[in-house]
Amino acid sequence: MQNVAPPKVLVPIADGTEEIEAVCIIDVLRRAGAEVTVASVDNLEITASRGVQIVADCLIEDCQDIDYTLIVLPGGIPGAERLRDSPLLIQLLHRHKAAGGLYGAICAAPALVLSHHGLLEGCPVTGHPAFADQLNDGQPVAERVVTGDRCITSQGPGTALEFALALVARLFGPDRATEVAAPMLVG
């Protein structure tokens with residue numbers, strides 16, 4: 001039997017990132033067996049939107065030559081704005097999308113990062129209702145989690161667990177998502 005390398009996932013963070021979303025994504029994907037890299041566009045230690053300190057694995061400049069299976073953006077204000085304003089992250093996202101990679105975002109990030117930089121191109125998409133009018137290049141859908149061909153989006157902190165499990169289902173299949181959800185008592 002051949003060993004298959006786990007999917008490589010990049011989770012960019014910044015000062016002001018929504019901690020529930022970031023930690024939920026990181027935790028659930030690691031439980032599933034993904035190789036998750038948390039990369040800051042600011043400093044290694046960031047202060048999240050509610051004051052929680054998070055230490056990244058590396059800085060975004062350390063990720064430029066790595067091929068990821070999935071790049072997924074947490075939201076939060078001003079975190080999503082800081083992600084939007086990171087030229088290195090935006091270059092990486094465009095290159096990843098052009099190569100056919102999976103990508104996703106939650107809360108403010110679908111509008112403030114993906115749509116702002118033309119990364120949705122007619123994809124079905126959702127995000128925090130406060131930013132729905134900024135989903136200019138996507139096809140807005142009023143659902144908690146929306147899975148397109150290559151783009152997965154979600155609405156906010158209250159949907160973070162569903163979103164993370166949808167990412168697991170996309171990377172590993174629905175059976176693995178069910179296995180990961182069961183001991184966490186997700187109904």
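## Glu-162 and Arg-144

Glu-162 is partly exposed, with a relative accessible area of 35%. In this predicted model, the side chain of Glu-162 meets that of Arg-144 in a salt bridge, with an N to O distance of 2.4 Å. The pair links distant parts of the chain, 18 residues apart: Glu-162 belongs to helix H5 (residues 160-172), whereas Arg-144 sits in the loop between strand E9 (139-140) and strand E10 (145-147). Arg-144 also counts as partly exposed, at 41% relative accessibility.

## Salt bridges in the structure

The structure holds 7 salt bridges, and the pair of Arg-144 and Glu-162 is one of them. Side chains of opposite charge can pair when their charged atoms come close.

## A pair between two strands

A salt bridge also joins the side chains of Glu-35 and Lys-8, at 3.9 Å from N to O. Glu-35 lies in strand E2 (residues 35-40) and Lys-8 in strand E1 (residues 8-13), so this contact ties together parts that are 27 residues apart in sequence. Glu-35 is partly exposed, with a relative accessible area of 37%; for Lys-8, which is partly exposed, the value is 32%.

## A pair within helix H1

Asp-27 and Arg-31 form a salt bridge in which the closest N and O atoms are 2.5 Å apart. Both residues belong to helix H1 (residues 19-32), and because they are 4 residues apart there, about one helical turn separates them. Asp-27 is partly exposed, with a relative accessible area of 32%, and Arg-31 counts as partly exposed at 46% relative accessibility.

Conventions
Residues are numbered from 1 along each chain as its sequence is written. This is a predicted model: local features need pLDDT of at least 70, side-chain atom pairs count only at pLDDT 80 or more; totals for chains, interfaces and linings use all residues. Side-chain values use heavy atoms; hydrogens and water are left out. A salt bridge is a side-chain nitrogen of Lys or Arg within 4 Å of a carboxyl oxygen of Asp or Glu. Buried means under 20% relative accessible area, exposed over 50%, partly exposed in between (1.4 Å probe, protein chains only).
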